[in-house]
Amino acid sequence: MGEADVIAKDGETLVFIEVKTRKTEYYGAPAEAVTREKRRKYRLFAEEYLMRNKLSDVFCRFDVIEVEEDKINHIENAFFT
């Protein structure tokens, strides 16, 4: 169904994180590679993860971490499902 690069907790919030790397911005910023289809798959994966782990009352967030050369940019709430 899909996968998450990182699953972490920020306080009581469960965070599903997509890590995108680019050597240059020729094709756009790394976060731009998180397409509508990728976001849809993340939502489905998160729903399955929560169900399998019996986590019905957990707040979730979807972040993107952009890696470019020597820069790292953490985008919290990068997208909503």
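Q: What makes the contact between the side chains of Asp-63 and Arg-61 a salt bridge?
A: In this predicted model, the N to O distance between Asp-63 and Arg-61 is 2.8 Å. A salt bridge requires a side-chain nitrogen of Lys or Arg within 4 Å of a carboxyl oxygen of Asp or Glu, and therefore the pair Asp-63 and Arg-61 qualifies. Both residues, Asp-63 and Arg-61, are buried.

Q: Which conditions apply to these values?
A: Because the model is predicted, local features need pLDDT of at least 70 and side-chain atom pairs count only at pLDDT 80 or more, while totals for chains, interfaces and linings use all residues. Residues are numbered from 1 along each chain as its sequence is written, and side-chain values use heavy atoms, with hydrogens and water left out.

Q: Why is Glu-18 called buried?
A: The relative accessible area of Glu-18 is 2%. Buried means under 20%, exposed over 50%, and partly exposed in between (1.4 Å probe, protein chains only), so Glu-18 is buried. Lys-20, at 18%, is buried as well. Glu-18 and Lys-20 form a salt bridge, with their closest N and O atoms 3.2 Å apart.

Q: Why is Lys-38 called partly exposed?
A: Its relative accessibility of 22% places Lys-38 in the partly exposed class. Glu-3, at 40%, is also partly exposed.
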